[in-house]
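Q: Can you walk me through this one? I'd like to start with the charged side chains and then go on to the fold.

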Amino acid sequence: MKEKIEALMAEVAALKANTRQDVEDARIRLLGKKGSITELFDEFRGVAPEMKREFGAKLNVLKNAAADRIAQLREEVENKAVSSAGGAANDLTMPGTPGELGSRHPVSIVRQEIVDIFRKFGYDVAEGPEIEDDWHVFEALNFPPEHPAREMQDTFFVSDGELVSEENGVKTYRNPLLLRTHTSSVQVRTMEKMPLPIRVICPGRVFRNEAISARAHCIFHQVEGLYIDEGVTFADMKQAILLFAREMFGPETQIRMRPSYFPFTEPSAEVDVSCNICGGKGCNICKGTGWLEILGCGMVDPNVLEASGIDSKKYSGFAFGMGIERIAMLKWQVKDLRNYFENDLRFLREFETVL
């Protein structure tokens with residue numbers, strides 16, 4: 001085998017090529033599936049164990065040398081072809097090679113579309129930290145201590161928080177830090193600092209300790225809205241959501257509200273839109289119902305207003321929240337939520353024409 005390696009190394013050093021085909025023939029002859037170097041690697045399997053280290057190193061040097069020499073020959077042939085075409089490589093008047101443009105991510109597209117719609121309605125954009133404390137994520141939003149969202153299976157906790165007592169080896173902590181589970185925490189910060197009336201939307205990334213599947217992920221994006229003023233009613237909320245749905249899904253879109261429960265709103269509702277695929281007749285996208293769920297909403301609970309220092313006897317308001325991935329799934333009939341996070345170029349290139 002040693003003689004074969006040395007002979008092939010000499011052949012590699014002496015390689016020459018005048019055309020692209022010469023380069024390709026040399027590559028196939030040496031590195032192809034039935035090439036000389038490939039056959040040596042097959043033969044290497046039968047080498048005695050004590051010789052494998054020596055011959056293995058020499059084979060790798062040979063393979064790398066062949067690949068480098070072929071790449072060098074390919075470059076020489078390409079440069080020769082350019083020169084024979086009249087020196088185009090140095091012609092500064094020739095147009096440049098256009099760069100390949102990427103595309104916006106579907107989540108970014110839908111997020112911007114939602115923001116643009118609500119900005120037309122007079123809403124400002126508010127943002128807040130992704131690492132939050134328990135007060136802004138749970139307590140100020142009227143989550144009772146025994147609420148399931150406080151358990152580890154739902155929330156990613158970052159730290160135990162402030163140590164308040166220690167007795168008999170048992171430590172008690174207050175206000176732990178965690179990855180926010182919803183952007184409602186931004187609403188709390190807005191109510192604490194922004195003068196009334198408040199009309200904001202809060203887009204952002206949120207985190208929940210869930211198993212990843214086609215319908216769920218531990219990371220996703222939300223847009224939540226908040227409107228607080230004197231005399232705000234449930235009818236105002238319904239009209240705002242209807243206008244949004246028609247801007248997003250088309251002017252013929254209808255909505256329906258189903259009673260629901262959220263700790264921070266009362267009364268609360270889930271909102272469905274008429275399926276824009278089948279026109280409400282029933283299809284596999286809407287599971288034959290003619291309706292698609294898009295968001296949750298409700299009138300802000302007075303306890304939430306009071307926790308942020310707002311007089312609940314004078315002011316009222318509504319809040320709503322939707323998953324951006326969910327809206328994008330409905331808009332483009334994407335069936336697997338994981339596509340948004342895997343950076344598969346085949347998927348992302350489908351949105352190159354979306355402005």
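Q: What does Arg-338 form a salt bridge with?
A: With Asp-336; the closest N and O atoms are 2.9 Å apart. Bear in mind that this is a predicted model.

Q: How accessible is Arg-338?
A: Arg-338 counts as partly exposed, because its relative accessibility is 30%.

Q: Which residues are joined by salt bridges into one network?
A: Arg-256, Arg-258, Asp-272 and Glu-293, through salt bridges that share partners.

Q: How many salt bridges does the structure hold?
A: It holds 15. One of them is between the side chains of Glu-247 and Lys-120, at 3.0 Å from N to O.

Q: What does the Glu-247 and Lys-120 pair tie together?
A: Glu-247 is in helix H8 and Lys-120 is in helix H5, so the pair links parts that are 127 residues apart in sequence. Glu-247 is partly exposed, with a relative accessible area of 38%, while Lys-120 counts as exposed at 56%.

Q: And which residue does Glu-130 meet in a salt bridge?
A: Arg-205, again at 3.0 Å from N to O. Glu-130 sits in the loop between E1 and strand E2 (131–133) and Arg-205 in strand E7, so this pair ties together parts 75 residues apart in sequence. Glu-130 counts as partly exposed at 28% relative accessibility, and Arg-205 counts as partly exposed at 35%.

Q: Switching to the sheet. What is the strand order?
A: E1-E7-E8-E12-E11-E10-E9, in an open sheet of seven strands with mixed pairing. The edge strands are E1 (124–125) and E9, each of which pairs on one side only.

Q: How do E9 and E10 pair?
A: E9 (residues 255–262) and E10 (residues 265–274) run in the antiparallel sense and pair over seven bridges. A hairpin of two residues joins E9 to E10. Ile-255 stands opposite Val-273 in E10.

Q: What about E10 and E11?
A: Those two pair in the antiparallel sense over eight bridges. E11 and E12 are antiparallel too, over four bridges, and Gly-296 stands opposite Gly-321 in E12.

Q: Why is E11 described as largely enclosed?
A: Eight of its 10 residues are buried, so the rest of the structure largely encloses E11.

Q: And how many bridges between E7 and E8?
A: E7 (residues 198–207) and E8 pair in the antiparallel sense over 10 bridges. Arg-199 has Tyr-227 in E8 as its bridge partner. As for side chains, in a regular strand they alternate between the two faces of the sheet.

Q: On to H10. Which of its residues are buried?
A: Ile-324, Glu-325, Ile-327, Ala-328, Met-329 and Leu-330, in a helix that covers residues 324–332.

Q: What do those buried residues pack against?
A: They pack against helices H5 (106–120) and H8 (234–249), and against strands E8 (219–229), E11 (291–300) and E12 (316–323). H10 is followed by Gln-333, which has a positive phi near 55 degrees.

Q: Where is Leu-337?
A: In the loop between H10 and helix H11 (345–348).

Q: Buried or exposed?
A: Leu-337 is buried, with a relative accessible area of 8%. Leaving out residues up to four places away in sequence, Leu-337 touches Ser-213, Ala-214, Arg-215, Ala-216, His-217, Glu-325 and Met-329.

Q: What about the surface? Which residues make the nonpolar patch of about 240 Å²?
A: Ile-131, Val-158 and Leu-177. Leu-177 is in strand E6 (residues 177–179) and counts as partly exposed, at 34% relative accessibility.

Q: Last topic, the overall dimensions. What is the radius of gyration?
A: 32 Å, whereas a compact globule of 355 residues would have one near 20 Å. Along the principal axes, the C-alpha atoms fill a box of roughly 95 × 65 × 45 Å.

Q: What share of the residues is buried?
A: Of the 355 residues, 39% count as buried. The accessible surface comes to about 20,100 Å², with 51% of it belonging to carbon and sulfur atoms.

Q: And how many helices and strands?
A: The secondary structure comes to 11 helices and 12 strands.

Key. Residues numbered from 1 in each chain as written. Predicted model: local features only at pLDDT ≥ 70, side-chain atom pairs only at ≥ 80, totals over all residues. Heavy atoms only, no water. Patch = residues over 30% accessible without salt bridge, like charges linked within 9 Å, V, L, I, M, F, W, Y side chains within 5 Å. Areas by Shrake-Rupley, 256 points an atom, 1.4 Å probe, with all protein chains shown as cover. Salt bridge = Lys/Arg side-chain N within 4 Å of Asp/Glu carboxyl O. Buried < 20%, exposed > 50% of the residue type's maximum accessible area, 1.4 Å probe, protein only. Contact = heavy atoms within 4.5 Å. Pairing = 2+ DSSP bridges. Rg over C-alpha atoms; globule rule 2.2 N^0.38 Å.
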